[in-house]
Every structure is written in C-alpha cells, then in structure tokens.
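I have one structure to go through today. Please have a look at it first, and then I will take the parts in turn.

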Amino acid sequence: MDIKIVDVAAKAGVSSATVSRVLNNSSSVTAATKEKVMKIIHELGYQPNAAAKNLRSQKTMAIGVIVPEINNSYYAEVIKGIENKAYAMKYKVIICDTGNNKEKELEFINLLMDKTVDSMILVTPLQSDEEICRLADLNYSVGIVGRYIEHPTIPCVFTDNVKFSRDVVNHLVEQGHREIAFLSGYADAIDSYDRLEGYLKALREHHIPFRPEWVENGNFSEQGGYKAMKRLFEKKVSFTAIYSANDEMALGVYQACAELGIQIPEQLAIVGVDNNRVSRYITPKLSTVAQPKFKMGSILVEKIIHQLEHTEITPDRVVVLDSELIIRDSSSAARK
C-alpha cells in the first residue's frame, strides 16, 4: 500500500499541515504532537524522502501553482504565463487559490509531497524561506515567482520592488509633493515589505521626515484601499499624494475620493502598481508601475520543467526582470 501524508494525518488525528510541519522540523509543533506523529510515521512506514526521489520516475506531467488570490489581476496574468508555457511543453497546471491563508497554502503544498504534482510554483508565498528550503532539501521541486530565496535548487523570478518604489516616490517629489501617504498590502507579503522599504528609502533621500500616520494597510484589495483612504481622511493627517502598493487599492482610493469630493490629481495625486487593464480606462487615467507578469510566469515554469526533465540546475536560476513607471493623468497635472 502506498502510504500518503493524509493517511498519517488521519491516524494521528491531526491535519496534513501538522504532519508537514513535523517532517520539516517546525518549531510551531509541540513536542507531544511531534512524538505522536513520528510514531505513526514509523508504524505506517511512511517515507517522504523516498517519495521525493521517485518524483522523476513517476511523473504526473502536472505542475501545481499556489497563488494568494486568483481574482487579483497580477496573479491572473502570472498564471496565464505559466499555463501557456506549460501547455506548450506538454504539462498540465493545477491552480490553488489560498485566499491569503498560510495554513491553506501548506495544505496545497501537500499535493507535492503526496506526488499529486511533479513540481510546485509558489507565487509570492506566505511560507518562510526556511520552510520552503526544507522542501527543496527533501528533493521536492519548487519554484518562486515574486520573491528571492537563497537556495541552489530553487529558481526565482521577480522584479525589484524596492527600486520601482523609489522611482514612484521620486516622480511624486518631482511633481512637488512632500507629504506622500503609502497604502500597503497583506501584512505578511514580501511585496508589502519591499515596497514600503523603497518608499522609506526615497523619503530619506529627499530629506522628507517619515510620519507613521501616512501608512495604512489595504490588503491589496479595492475595498481595502477604499477603507484605508477613509481611515487616512478620518485621522485628519495632511498628505497631497498616495503611493498605492497595487492598482486594486488605488481603485478603492478613487471611490473614496469621489465620495469625499477630493479631485484627482488637483487635490490628490495617486500612483499604483501592476498596470491592470482598468488603470488605462478610469478617469483620470492611473499612473502605475508595469511589471512583466506574463513573462515572469513563463520564464519560471520553463526553468522548473528544465530541472524536472534534465535533473540539473541551470546557473541562472535567479532572474530579475525590469519594471516600468507609466506616468498618466492621476499624478502628472499641477496641483491647486
């Protein structure tokens, strides 16, 4: 009988995620639970290392893709790049939407550990670097979009969030703004940290004192951006521009401004990130940062499949792609 991780979980009376944590020696599992799970592993004869080594000899020709939110245009475009390239190379793609839930993300990773897929692509994952590296150390095939991880077998494709965030703030300063608010995304997302870091660096470079009340969290959603803008307004904090960490939140800012009677860009300049389709058609057109999302997905899956089929690591496993600041009406007109 082929013992799977779900069999271990069922007999131990825990979740598959807990079994994964035990196998990965996670500190979040109590000693008692770890002992119970390891006892069941030995009783059933479950061998994760053997399963990993058999991945290439028992190929499914399927790749799992884990994303935080499939409705987000950024992730949708990355998935499209992955799916198109995978199809051309005769691989199927299984899409897993975590709803920005770390526990659910780990459950989907179990598809890889149970040999349901040959490889797993994590798009801006919530798991820590250490947790992802443990998977690779067990000979599982993993790739990352949107983040860098230091591991010799994990291919990574991403853009420089810090750099383009500095470009955004530099542009706003050039337009005469010195009171610039920042809307962050998910609290645990690396994109949020990197874009905040770029924002802070640019403020320092222009000798603009940072004010904590300028920062609000919008969870990368339109509704989140709307609520964040309302909170900024209720604090009665002074600001003349907003750097929104994605276009979805910027759309929420537009809605809030319409309700509050704030004119864009005459009273408030706005810049987003992602260059989604709506940004070109709303009024005024949204200034934004374009990322090569389709290309990111395509390059990453090509590297993953190369490793699966040739059992070798390409020397250029890390690819950093350029982004482009697109200046439109929402940030380029003179202020009143």
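The crossing of α5 and α12 is right-handed, meaning that the near helix is turned clockwise from the far one by less than a right angle. Helices here are DSSP runs of H or I with at least four residues, strands are runs of E with at least two, and both are numbered from the N terminus. This is a predicted model, where local features need pLDDT of at least 70, side-chain atom pairs count only at pLDDT 80 or more, and totals for chains, interfaces and linings use all residues. Residues are numbered from 1 along each chain as its sequence is written, and side-chain values use heavy atoms, with hydrogens and water left out.

Back to the pair: α5 covers residues 73-88 and α12 residues 293-310, and they pack at about 40° with axes 7 Å apart. Axes are lines fitted to C-alpha atoms, for helices over the stretch in contact, and angles run from 0 to 180 degrees between N-to-C directions.

Next, the sheet. It is open, with four strands in the order β7-β6-β8-β9 and parallel pairing; two strands pair if DSSP finds at least two bridges between them. The edge strands, each pairing on one side only, are β7 (215-217) and β9 (269-271). From one strand to the next the twist averages 20°. β8 and β9 are joined by three bridges, and Ala241 stands opposite Ala269 in β9.

Last, Ala245, in the loop between β8 (241-244) and α11 (247-260). Is Ala245 buried or exposed? Its relative accessibility is 0%, so Ala245 counts as buried, the cut-off being under 20% relative accessible area with a 1.4 Å probe and protein chains only, against over 50% for exposed and partly exposed in between.
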